[in-house]
Amino acid sequence: MTIIASKCPDYKVTVVDISEERINAWNSDELPIFEPGLLERVLKARGKNLFFSTEIDRCIDEADIIFVSVNTPTKMFGEGAGKAVDLQFIEQTARRIKENAKSNKIVVEKSTIPVRAAETLAKILHSGNNSVQFEILSNPEFMAEGTGVRDMEAPDRILIGSMDTPSGLAARNILMDVYLHWVPKERLITTNLWSSELSKLVSNAFLAQRISSINTIASICEVTGADVTEVSRAVGMDSRIGAKFLNAGPGFGGSCFRKDILNLVYLCEYYQLNEIAAFWEQVVSLNDYQMERFVKRILQAMFNTLVGKKLAVFGFAFKPDTGDTRDAPAIYICKRLLEEKAFLNITDPHALNNARKDLQDIEEGVDFIEDPYQAVEGAHGIALITEWDSYKKLDYQKIFDKMEKPAFIFDGRNHLDHKALYEIGFNVYPIGKPALKHL
Ligand code: UGA
């Protein structure tokens with residue numbers, strides 16, 4: 001919404017939320033999320049044509065276009081528990097829009113939702129005796145965290161799904177006008193509602209599938225002496241395959257991939273497409289396997305016991321340039337290392353507050369330390385889980401000197417200079433490459 005406001009000075013954009021605390025933060029200089037480039041843009045537009053408010057009912061009534069951007073987590077109870085999407089917030093929002101709208105509205109699905117959710121939205125909005133007309137559009141969001149501003153300012157594509165009716169097409173054109181303020185026309189794609197809803201799930205499923213695929217190859221590389229970085233480069237240079245999303249790692253995280261694939265799996269099961277459900281579910285199972293494999297590699301390398309050993313964990317966010325830790329592989333990995341009775345010093349430039357919350361049930365064995373040099377004091381090993389750029393610039397000789405010997409480093413992202421680390425004296429365990437060991 002910040003980018004829409006900054007690119008469309010002729011539109012008034014108001015962001016509403018039931019959380020007063022969050023809205024207050026959006027109205028301050030300490031935004032509730034860390035996203036490079038966002039604060040500058042908020043400061044430029046806020047108070048001019050960008051507003052943050054808790055007056056939901058009034059703002060519903062005043063708006064011509066309403067973007068529904070509420071949480072759609074995986075349902076953890078009852079029918080479909082663990083896979084289906086919990087639609088309660090979507091439904092509550094639809095009811096609230098219906099109660100407060102006194103003029104016709106375009107309601108845009110921005111949240112990621114199951115296919116045919118627009119039908120449910122339309123039924124709720126058009127129920128009862130409200131004479132207001134609602135037109136539902138699907139406009140899924142493809143931006144990624146950490147690069148959100150860039151992705152939004154220069155998107156690969158903007159997708160708008162609508163009903164193929166005169167009013168549906170008219171609403172679609174109104175939304176297209178918003179994006180045409182800065183997005184070239186050829187990057188705007190229009191489809192029917194269901195294709196648009198499904199494309200969002202499929203995009204995330206394909207991206208996650210590439211990561212699981214390359215992670216399976218990493219395992220093969222480790223036992224055969226091949227190098228996963230070389231393999232992914234060779235494979236990715238085929239223009240039909242492409243180079244992106246072929247970096248092996250400790251597993252994908254974030255609030256979307258697991259949730260969206262499980263949503264797709266649930267959809268397949270609902271339509272009794274069981275083989276197809278199993279295919280996609282395997283992407284998630286392999287991700288779980290990859291996180292566990294990272295833990296096992298640490299355990300095996302460190303003489304099959306971590307009891308009483310100190311490990312410095314470099315990075316807790318699910319990816320760099322964000323403080324977000326939702327579904328971060330670090331959560332699973334740290335819990336497993338603690339189960340093995342290791343002591344953890346966790347460090348991260350932006351995610352320590354969230355890390356503390358994620359591990360709040362753990363009573364002992366874990367410290368959260370801002371300074372990486374302090375985190376490695378007396379450590380037996382380092383586990384790098386998030387590829388923050390700053391980790392490349394550290395003085396690893398100084399780090400080596402502070403650590404117990406033999407010193408281990410497990411580079412879960414193939415982010416560091418392994419040869420240089422080995423020469424300093426580290427035993428280096430990359431992902432998908434043979435280890436460089438002095439032992
Ligand atoms: C993802 C999609 O990339 C966005 O297009 C989509 O809009 C978004 O979900 C969403 O549905 O909201 P995001 O989760 O922010 O974006 O981050 P990604 O860059 O996709 O990374 C996800 C995870 O995959 C991270 O844990 C990252 O470390 C991991 N990853 C990514 C790899 O392990 N290897 C890779 O080559 C790329």
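Helices and strands here are DSSP runs, numbered from the N terminus. With that settled, a quick word on the source: this is a predicted model.

Let's start with the sheet. Six strands form an open sheet, in the order E10-E9-E8-E11-E12-E13, and the pairing is parallel. The edge strands are E10, residues 366-368, and E13; each of these pairs on one side only. From one strand to the next, the twist averages 15°.

Now some of the pairs. Strand E8, residues 310-314, joins strand E11, residues 381-384, through 4 bridges. Leu311 has Gly381 of E11 as its bridge partner. Strand E12, residues 408-411, runs parallel to E13, and 4 bridges join them. There, Phe408 is partnered with Asn427 of E13.

Is E13 buried or exposed on its two faces? Both faces are covered. Asn427 and Tyr429 are buried on one side, Val428 and Pro430 on the other.

Next, the helices. H13 lies across E8, E9 (343-347) and E10, and runs at about 155° to E9. H12 packs on the sheet too, touching E8, E11, E12 and E13. The direction of H12 makes about 165° with that of E12.

How do H12 and H13 meet? The axes of H12, residues 274-301, and H13, residues 329-339, come within 9 Å and cross at roughly 40°. The two helices are therefore oblique to each other. Their crossing is right-handed. Residues in the contact include Met291, Phe294 and Ile298 of H12, and Tyr332, Ile333 and Leu337 of H13. By class, the contact has 8 nonpolar, no polar and 2 charged residues.

Definitions and conventions. Residues are numbered from 1 along each chain as its sequence is written. This is a predicted model: local features need pLDDT of at least 70, side-chain atom pairs count only at pLDDT 80 or more; totals for chains, interfaces and linings use all residues. Side-chain values use heavy atoms; hydrogens and water are left out. Axes are lines fitted to C-alpha atoms, for helices over the stretch in contact, and angles run from 0 to 180 degrees between N-to-C directions. Angles under 35 degrees count as roughly parallel, over 145 as roughly antiparallel, 65 to 115 as roughly perpendicular and the rest as oblique. A crossing is left-handed if the near helix is turned anticlockwise from the far one by less than a right angle, and right-handed if clockwise. Contact means heavy atoms within 4.5 Å. Ala, Val, Leu, Ile, Met, Phe, Trp, Tyr, Cys and Pro count as nonpolar, Asp, Glu, Lys and Arg as charged, and the others, Gly among them, as polar. Buried means under 20% relative accessible area, exposed over 50%, partly exposed in between (1.4 Å probe, protein chains only). Two strands pair if DSSP finds at least two bridges between them.
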